[in-house]
Amino acid sequence: MCPFRTVWTPVTAEIAVAPMMDWTDRHCRVVHRRLNPALRLFTEMVTAKAVIHGDRERLLGFDAEEHPLVLQLGGADPKELAEASRIAAEWGYDEVNLNVGCPSDRVQGGSFGACLMREPGLVGECLAAMGDGGIPVSVKCRLGVDDQDTETALDAVADAAVAAGVSAIWVHARKAWLQGLSPAQNRDVPPLDYDRVHRLHARLDTFVGINGGIVDADGVRAQAAAVDGVMIGRAAYQRPGLLAELAGRGSFAERFAVARSMEEYARAWCDAGGRLAPVLKPLLGLFHGEPGARAFRRTLSEEGHRQEATPAVLAAALDRLEGEAARTAERAAQYAAETCAEGVWTAPAHAAPAHVADARDAGASAPAARETGRGSHTAPLAAE
Ligand SMILES: Cc1cc2nc3c(=O)[nH]c(=O)nc-3n(C[C@H](O)[C@H](O)[C@H](O)COP(=O)(O)O)c2cc1C
């Protein structure tokens with residue numbers, strides 16, 4: 001791996017964060033947006049019935065900064081989906097998306113989600129009805145379910161979607177097995193088949209995006225070369241720094257600034273009567289792999305859950321993290337100076353490893369990172 005800060009090049013395809021129940025709530029989406037202004041963000045799935053009959057502020061409320069934002073709908077009744085799409089448009093969503101991929105029992109009980117892979121005609125009707133909202137309509141589907149042939153099953157759903165005028169087809173590049181696997185297993189056990197999605201993309205003029213098992217910038221770039229869009233699920237939530245990296249803003253200092261900006265957001269949310277813990281949750285993985293990250297995570301998850309917790313929990317955790325970054329930078333500066341004195345380190349300042357520059361940006365004055373174990377490759381940069 002190259003020890004130097006590499007030149008960032010933009011990803012050519014659209015990048016989206018996948019809809020994830022209990023994860024991509026409004027707070028999470030704000031964090032993701034602040035990390036990367038170019039993302040297409042999806043809500044958690046909300047059933048059309050809930051949109052029509054439920055507490056709309058709780059289910060549909062979002063922050064203006066989240067745009068472009070897609071409301072994912074669950075359902076299989078064209079009339080309900082049309083009504084839900086109209087409501088979504090009134091609330092200011094940019095797009096509605098139909099879930100044709102969720103395998104959970106609850107969703108199967110309602111005969112929607114992944115089971116719709118067996119009913120391309122109904123998928124087409126639902127998507128056409130969703131057009132009543134007057135905003136773009138997209139679909140997120142699987143390659144097929146159970147023993148379906150993925151060539152014919154995916155083509156049938158995709159062709160119905162194209163005929164209904166969708167703006168995008170997002171494909172989770174594996175089947176769903178509707179019997180015997182939990183939803184979590186259905187995200188890992190059925191094998192991925194990216195080539196199948198690439199073939200679909202080659203056959204259609206409509207936007208085709210890919211999802212499933214894409215966990216790092218290299219994976220995103222590889223898929224971006226093959227399709228129109230790349231959708232990241234678990235990795236975006238567990239290591240949101242990836243989203244910042246894809247925007248060319250992945251340094252510690254830049255991620256830290258986003259976390260700091262969430263203090264004010266948390267204050268406003270709590271002042272309006274909201275709970276603190278859900279605001280902190282999407283920040284847990286933001287400093288993954290950095291010195292002090294474990295303590296940061298522990299503080300947020302343990303103290304943030306207390307009844308009496310206030311946004312000061314976040315401020316204090318960030319202060320500690322900043323202190324840790326500065327101490328690490330000091331130690332690394334000392335290490336670099338010693339190595340330099342031994343005649344090993346002669347590289348110019350601009351050639352410092354990325355994490356060295358990061359720690360310096362974060363408030364320290366010199367190279368960083370022996371402690372992280374990632375500094376060991378500072379070895380003979382220009383040994384003479
Ligand atoms: C906690 C969780 C909740 C999810 N909820 C939804 C959902 O509401 N709608 C949906 O279409 N997919 C949902 N998914 C599936 C993801 O959108 C995505 O297709 C899947 O995780 C594969 O992508 P990944 O390998 O990048 O994580 C969920 C996944 C997770 C982990």
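**Exercise 1. Determine the handedness with which helix 1 passes helix 12, and describe their packing.**

Solution. Step 1: helix 1 passes helix 12 in a right-handed crossing. A crossing is right-handed if the near helix is turned clockwise from the far one by less than a right angle, and left-handed if anticlockwise. Helices (H or I, at least four residues) and strands (E, at least two) are DSSP runs, numbered from the N terminus.

Step 1: helix 1 and helix 12 pack at an angle of about 140 degrees, and their axes are 10 Å apart. That angle makes helix 1 oblique to helix 12. Angles under 35 degrees count as roughly parallel, over 145 as roughly antiparallel, 65 to 115 as roughly perpendicular and the rest as oblique. Axes are lines fitted to C-alpha atoms, for helices over the stretch in contact, and angles run from 0 to 180 degrees between N-to-C directions.

Step 2: helix 1 brings V30, V31, R34 and L35 to the contact, and helix 12 brings V258, S261, M262 and Y265. Two residues are in contact if their C-beta atoms, placed from the backbone, lie within 7 Å.

Step 3: sorted by class, the contact of helix 1 with helix 12 has 6 nonpolar, 1 polar and 1 charged residues. Ala, Val, Leu, Ile, Met, Phe, Trp, Tyr, Cys and Pro count as nonpolar, Asp, Glu, Lys and Arg as charged, and the others, Gly among them, as polar.

A note on the model: it is predicted, local features need pLDDT of at least 70, side-chain atom pairs count only at pLDDT 80 or more, and totals for chains, interfaces and linings use all residues. Residues are numbered from 1 along each chain as its sequence is written.

**Exercise 2. Describe how helix 12 packs against helix 15.**

Solution. Step 1: helix 12 covers residues 252-271 and helix 15 covers residues 312-341; the angle between them is about 165 degrees, with the axes 10 Å apart.

Step 1: helix 12 and helix 15 are therefore roughly antiparallel, and their crossing is left-handed.

Step 2: from helix 12 the contact takes F252, F256, A259, R260, M262, E263 and A266, and from helix 15 it takes L314, A315, L318, E322 and A325. These residues divide into 9 nonpolar, no polar and 3 charged.

**Exercise 3. Is T43 buried or exposed, and which residues does T43 touch?**

Solution. Step 1: T43 sits in the loop between strand 2 (40-42) and strand 3 (46-47).

Step 1: T43 has 25 other C-beta atoms within 10 Å, so T43 is buried. A residue is buried if 20 or more other C-beta atoms lie within 10 Å of its own, exposed if 12 or fewer, and partly exposed in between, with C-beta atoms placed from the backbone.

Step 2: leaving aside neighbours within four places in sequence, T43 is in contact with P19, T24, V70, L71 and Q72. P19 is 24 residues from T43 along the chain, and their C-alpha atoms are separated by 5.4 Å.

**Exercise 4. Locate the backbone features at D22, D146 and P68.**

Solution. Step 1: most residues other than glycine have a negative phi, and most peptide bonds are trans.

Step 1: D22 has a positive phi, near 70 degrees. D22 is in the loop between strand 1 (14-17) and helix 1 (26-35), and is exposed, with 10 other C-beta atoms within 10 Å.

Step 2: D146 has a positive phi of about 45 degrees. D146 lies in the loop between strand 6 (137-141) and helix 7, and counts as partly exposed, with 15 C-beta neighbours inside 10 Å.

Step 3: the peptide bond from H67 to P68 is cis, with omega near -5 degrees. P68 is in the loop between helix 3 (56-60) and strand 4 (69-74).
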